Amino acid sequence: MVEVQSIRQTRVLTLSASTELAIRILFGLLFALLVLPASGQAQSSLKKVRLALPTKSVSFLAFYVAYHKGFYKDEGIELEPIIMQPALASTAVLTGDIDYNGAVTGVIGAAVRDRPMKAVLFTVARPLQYLMSKKEIKEPRELKGKKIAGSSPGGTVTFLTVLVLRRLGLDPERDVFLNPMGGTGASRLAALESGFVDAVILESPENIIAQQRGFHELIFFGDLIEFPQNGFGTSEKKIRENPDEILKMVRATLRGLMFLWDKKNQDQVLEIIMKEMKPISPAMAKESFGQVMRVITKDGVVKPDSIQVLIDLVRENTKVTRPVPVNQVVDFTFLEKAQKELGLR
């Protein structure tokens, strides 16, 4: 009798344990049904937006900061940076395959050629390019008869090099051999190391690496010219049809600029540089950060005269004879609204 009672108690305990387990499973399923779809819905509510950048460079630091600090996500945007040549990126923007071109030189270049595009924000007011040469070349005039590696034909760096050489009194077509070899800064540095060229144009941090390897810094482009190199623009179709998204992109990028200029954020910015530019040492990241802050805009605006310099350079290179005013290639409507919202105006 006692044995039977013991068996019954065991069954009751077993049933109780099974019931408890079933209840736990039921609550787990309910949690999954209620919470996970909400989480997935929040994730899917982010709109994927593609931004073309011509290269991996610290000059695009405002975008990297806004991306890593979640400023784009705050606006409901899942930003997807894509490396793409500026001219090709502008074509992709017009076809709708890319949303924004981060090389405003490509945007303005397209607009000068009557393609319906406009720049909407500028993150860099001066070029962050350096002309690095063999150590035996000490002065710009010694570049006569020498070979210089630029970027792709019609690319920003090639435009800048032509402009800088003229400012130095050199004819880019007669006095030097300008080779628009394209590729990355690392590949141009390799061409210099191999002796294939006598000088190259590099951005930070490749210029720092070149100095460490014994090459000479001849010219910092930003000392000679104001040139609105980076920012972003889009098609006039998107401006008409999706102004809310453009405002969100501008606002998030402006927050990136504001974060950069706040000195208390320096350690966080250096972490972002090391993450994006890896492998790079903390010391090199700090030096690179100091260099880029020489050219970064505070509020997304550059001087109209510097935009006109770019316009006229593109006109000359593309044989466009008609005058092109600044307001034909830029639209600051979104920038002005975002500035007011963020207290920058």
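**Exercise 1.** In this predicted model, determine how the axes of helix α2 (residues 61–68) and helix α11 (residues 266–276) are oriented towards each other.

*Solution.* Two packed helices are described by the angle and the distance between their axes. Here the axes of α2 and α11 come within 10 Å and cross at roughly 105°. Angles of 65 to 115 degrees count as roughly perpendicular; α2 and α11 are therefore roughly perpendicular to each other. On the α2 side, the contact is made by Leu61, Tyr64, Val65 and His68, and on the α11 side by Val269, Ile272, Ile273, Lys275 and Glu276. Sorted by class, this contact has six nonpolar, one polar and two charged residues.

**Exercise 2.** Classify the aromatic pair of tyrosine 100 and phenylalanine 232, and state which parts of the chain the pair ties together.

*Solution.* The count of aromatic pairs comes to six. In the pair of tyrosine 100 and phenylalanine 232, the ring centres are 5.3 Å apart and the planes stand at 75°. Planes over 60 degrees apart count as edge-to-face, so the pair is edge-to-face. Tyrosine 100 lies in strand β3 (residues 100–103) and phenylalanine 232 in strand β10 (residues 230–235), so the pair ties together parts that are 132 residues apart in sequence.

**Exercise 3.** Decide whether tyrosine 100 and phenylalanine 232 are buried or exposed, and name the aromatic cluster that contains Tyr100 and Phe232.

*Solution.* Buried means under 20% relative accessible area. Tyrosine 100 has 0% relative accessibility and so counts as buried; phenylalanine 232, at 0%, likewise counts as buried. Phe60, Phe63, Tyr100 and Phe232 form one aromatic cluster.

Definitions and conventions. Residues numbered from 1 in each chain as written. Predicted model: local features only at pLDDT ≥ 70, side-chain atom pairs only at ≥ 80, totals over all residues. Heavy atoms only, no water. Axes fitted to C-alpha atoms, helices over the stretch in contact; angles between N-to-C directions. Helix = DSSP H or I, 4+ residues; strand = E, 2+ residues; numbered from the N terminus. Parallel < 35°, antiparallel > 145°, perpendicular 65-115°, else oblique. Contact = heavy atoms within 4.5 Å. Nonpolar A, V, L, I, M, F, W, Y, C, P; charged D, E, K, R; others polar. Phe/Tyr/Trp six-rings, centres within 6.5 Å; stacked < 30°, edge-to-face > 60°. Buried < 20%, exposed > 50% of the residue type's maximum accessible area, 1.4 Å probe, protein only.
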